[in-house]
Amino acid sequence: MPSLKKCEFVPYLSISDTTKAVAFYTNVFGVAPYLLLKMPDGRIMHCEFRIGLSRFFLSEELPEHGGTPSPTSLGATSVAIHLYVDNCDKMVETMKDNGSTVLMEPTDVFWGERFARVRDPFGHEWGITTQLREMSPDEIQVAAKQMFAEMSE
């Protein structure tokens, strides 16, 4: 097995209108792109946002170069981005104010977090989370069993 001295997962979002997406993410996260590379025709081939110690990338679909289809083209997405923030409710409102659809309002959930689900205007789904309390895996298992027991009553 290779050594994993450094390991970082970086979401790379495929977008069908990256120029609008860059404006959206700039507004929502309050940061300008760290890097923005354009194709000769003006389409964005790569954009990098850095937020704190995290980052994510985005680009146009670019099917002629083997690019990944966007959720808009697919009519769905198979991945949700889980985003930890200081204030779940505030981030959900900011995303909503910038054209996102709230799929699940912020709710205190059994695993010790305040959690919401949002679909951004480009079809990407986000789990927005604020940790309320630290819980061990065993405590989460007990809380899950209790929740399922209450649901079956």
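Let's start with Ser-59 and its neighbours: leaving out residues up to four places away in sequence, Ser-59 touches Tyr-12, Leu-13, Ser-14, Ile-15, Thr-18, Ile-44, Met-45 and His-46. Contact here means heavy atoms within 4.5 Å. Ser-59 belongs to strand 4; helices (H or I, at least four residues) and strands (E, at least two) are DSSP runs, numbered from the N terminus. Is Ser-59 buried or exposed? Its relative accessibility is 9%, so Ser-59 counts as buried. For that word, buried is under 20% relative accessible area, exposed is over 50%, and partly exposed lies in between, with a 1.4 Å probe and protein chains only.

A quick word on what we are looking at. This is a predicted model, where local features need pLDDT of at least 70 and side-chain atom pairs count only at pLDDT 80 or more, while totals for chains, interfaces and linings use all residues. Residues are numbered from 1 along each chain as its sequence is written, and side-chain values use heavy atoms, with hydrogens and water left out.

Now the overall picture. The protein has 4 helices and 8 strands, and from the N terminus the order reads β-α-β-β-β-α-β-α-β-β-β-α. The C-alpha trace spans about 60 × 45 × 30 Å along its principal axes. Of the 153 residues, 35% are buried. Among contacts between residues at least 6 apart in sequence, 50% join residues at least 24 apart.

Rings of Phe, Tyr and Trp (its six-membered ring) pair if their centres lie within 6.5 Å; planes under 30 degrees apart are stacked, over 60 edge-to-face, and the rest tilted. Take Tyr-25 and Phe-49: their ring centres are 6.3 Å apart and their planes stand at 70°, so this pair is edge-to-face. Why does this pair tie together separate parts of the chain? Because Tyr-25 lies in helix 1 (residues 18-29) and Phe-49 in strand 3 (residues 44-51), parts that are 24 residues apart in sequence. Tyr-25 also forms an edge-to-face pair with Phe-56, at 5.3 Å centre to centre and 80° between the planes. Tyr-25 is buried, at a relative accessible area of 0%, and Phe-56 counts as buried at 6%. Together, Phe-24, Tyr-25, Phe-29, Phe-49, Phe-56, Phe-122 and Trp-126 make one aromatic cluster.

On to the charges. How many salt bridges are there? The count comes to 10, taking a salt bridge as a side-chain nitrogen of Lys or Arg within 4 Å of a carboxyl oxygen of Asp or Glu. One of them joins Asp-108 and Arg-114 at 2.8 Å, N to O. Another joins Glu-125 and Arg-119 at 3.0 Å, N to O; here Glu-125 counts as buried at 16% relative accessibility, while Arg-119 is partly exposed at 33%. Asp-17 and Lys-20 also meet in a salt bridge, at 3.8 Å, N to O. Lys-20 is exposed, with a relative accessible area of 56%.

Finally, have a look at Arg-50. Arg-50 is linked with Glu-8, Glu-48 and Arg-55 in a network of salt bridges. The charged end of Arg-50 also sits over the ring of Tyr-34, 3.6 Å from its centre; the rule is NZ of Lys or CZ of Arg within 6 Å of the ring centre and within 35 degrees of the ring normal.
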